[in-house]
Structures are given as structure tokens and as C-alpha cells.
Amino acid sequence: MDSVNQTQLKMLKNALLLNGLFCIIALVFLENPITFVVGVIFGTTFSLLNFRLLYLTLNKAVHMPPPKAQAYATSRYLLRYTITGIVIFISLKADYINILGTIAGLVSLKLVILKSELFNSKEYFKNIFKRKEER
Amino acid sequence: MEPITGRALILAASAIGAGLAMIAGIGPGIGQGYAAGKGAEGVGRQPEAQGDIVRTMLLGAAVAETTGIYGLIVALILLFANPLVNLL
């Protein structure tokens, strides 16, 4: 399995873990946790599908000539953005979906990526306080 | 002519705010397009590095896309579930 697929699988597992944690916290602390959990499931599902769509887009774009790849990536971004808008609109209008849960599900992937790729080494935090010449 | 009510003023300001919030969606689109163009150049120059290029671009694009989603959420909340109207 190549590194891109491994990364996707890792992100999927970590996102599911994080959202499971969100659901457990909601079940313990919220008065009406079911709507929140439905929102988290809705947001997470869409977020992961969006990530997969992004991978397919980029994988196709790198085989195109650069100007065409640029236009293709931007047009597909607008498509994903529209779908995201529809998802948020549905969760705003539907009474059985909590919008905060949906937002948590949508944003969780970013948290997972930052955690696993940027904040995973102590060197990153040490380098913040080091001068450029000292590194 | 009827005077402008507080509710109408809030709704008008919210519509303007929603429009301004949608500007946040433009940046990631331009950025992703630019990154994809440069990625295509990179793969053309060094085809064996395709996996690394796509992986880095995928993670960067996913993080950048979330910024646009924030703006979209703010805009849609202002339009369809405005919390400010209930404060009157």
C-alpha cells in the first residue's frame, strides 16, 4: 500500500476516534445528546467523503498540464464547497440534527491532520522558541 | 414611509455580514488551484515523487479547505438561523 493510501487510512481511523470521543462527551454532559450524535455522524461522514474526493481530484490533477490542473482543482473545490453548504443548510433546517455536532464532525479532520502531522514531534515545539541560526 | 425597525436593521446587517463571510471561501479555492498547478509541475519534473507530492498536497489542501468552511458556516447561520434576532 502506498504512502497516500496509508495516510488516508490513518486519518480515517483518527477522525473516527476523535468523533467517538465527541459522542461520548456529548452522551455524558448534554441533556439531549442524540441530536448532537446524529450531527457528529452526519458531519464526519461528509468530511471523510470530502477528503476522499479531494484525494481523487489531486491525484487526477497532477497528471494534467499545470494551467489545466489549476482550473480543474479550483472547479472541483467549488463543487465540494457547494456540497458542504448543502450539508450545513440541511443540519440547520432539520430539527433532529444539531448544527454544533455537524460543525464538530466537519472540522475534526483538520484537528486530526494538525495533531498527526504537525504537533506530533517535540522538536516542533522546541523550534518555536529557537532562533533561526540555532536550529 | 415606515421607520426602520430593529429587526429589519439586524436582518439587513446580517445579510451584508453573510456576504462578507463568503469572501473567506475564495482564498482556499485560489490556493488549492495554485498548489495543484505547482504539484503538476513537480510530478512532471520528478514522476517518482508523485506519492510524496500528492500526500503533502492532500494534507495541506484539507487543512486549507476547513478555513473556507468556517466562513460558510458563519454565513449560513447568519442567513438561516440568526441568533441576533432573538435578542431584541
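1. Chain B has three helices and zero strands, where helices (H or I, at least four residues) and strands (E, at least two) are DSSP runs numbered from the N terminus. From the N terminus on, its elements run α-α-α. The radius of gyration of chain B, taken over C-alpha atoms, is 20 Å, well over the 12 Å that the globule rule (2.2 Å times the number of residues to the power 0.38) gives for 88 residues, so chain B is more spread out than a compact globule. Along the principal axes, the C-alpha atoms of chain B fill a box of roughly 70 × 25 × 10 Å.

2. A word on the basis of this note: the model is predicted, so that local features need pLDDT of at least 70 and side-chain atom pairs count only at pLDDT 80 or more, while totals for chains, interfaces and linings use all residues. Residues are numbered from 1 along each chain as its sequence is written, and chains are lettered from A and ligands numbered from 1 in the order in which they are written.

3. The C-alpha trace of chain A spans about 50 × 40 × 30 Å along its principal axes.

4. In chain A, among contacts between residues at least 6 apart in sequence, 73% join residues at least 24 apart. In chain B, residues 24 or more positions apart account for 84% of the contacts with a separation of 6 or more.

5. Between the chains, 37 residues of chain A are in contact with 31 residues of chain B. On the chain A side, two or more residues come from each of helix H1 (3–29), helix H2 (33–61), helix H3 (66–93) and helix H4 (99–118), and the largest share, 16 residues, comes from H3(A). By class, this side has 26 nonpolar, seven polar and four charged residues; here Ala, Val, Leu, Ile, Met, Phe, Trp, Tyr, Cys and Pro count as nonpolar, Asp, Glu, Lys and Arg as charged, and the others, Gly among them, as polar.

6. A nonpolar core is a set of buried Ala, Val, Leu, Ile, Met, Phe, Trp, Tyr and Cys residues joined through C-beta atoms within 7 Å. The largest such core has 26 residues, and those with the most contacts inside it are A:Leu58, A:Val62, B:Leu58 and B:Ala62. At least two of its residues are supplied by each of H1, H2, H3 and H4 of chain A and by helix H2 (26–45) and helix H3 (50–80) of chain B, with H3(B) giving the most, seven residues. Leaving aside its neighbours within four places in sequence, B:Leu58 is in contact with A:Val4, A:Leu54, A:Tyr55 and A:Leu58. Apart from this core lies another, of twelve residues, among them A:Phe46, A:Leu106, B:Leu72 and B:Leu76.

7. H2(B) has 20 residues and reaches 29 Å from its first C-alpha to its last, close to the 28 Å expected at 1.5 Å a residue, the expected span being 1.5 Å times one less than the number of residues. Its buried residues include B:Pro28, B:Gly29, B:Gln32 and B:Val43, and the buried residues of H2(B) pack against H2 and H3 of chain A together with H3 of chain B.

8. The UniProt annotation "transmembrane region" (unreviewed entry) covers residues 12–30, 36–58 and 70–90 of chain A; UniProt positions are given in the numbering used here, feature names are shortened, and annotations may be inferred rather than shown by experiment. In the model, residues 36–58 of chain A are 100% helix and 0% strand, with end C-alpha atoms 32 Å apart.

How values were computed: Two residues are in contact if their C-beta atoms, placed from the backbone, lie within 7 Å. A residue is buried if 20 or more other C-beta atoms lie within 10 Å of its own, exposed if 12 or fewer, and partly exposed in between; C-beta atoms are placed from the backbone.
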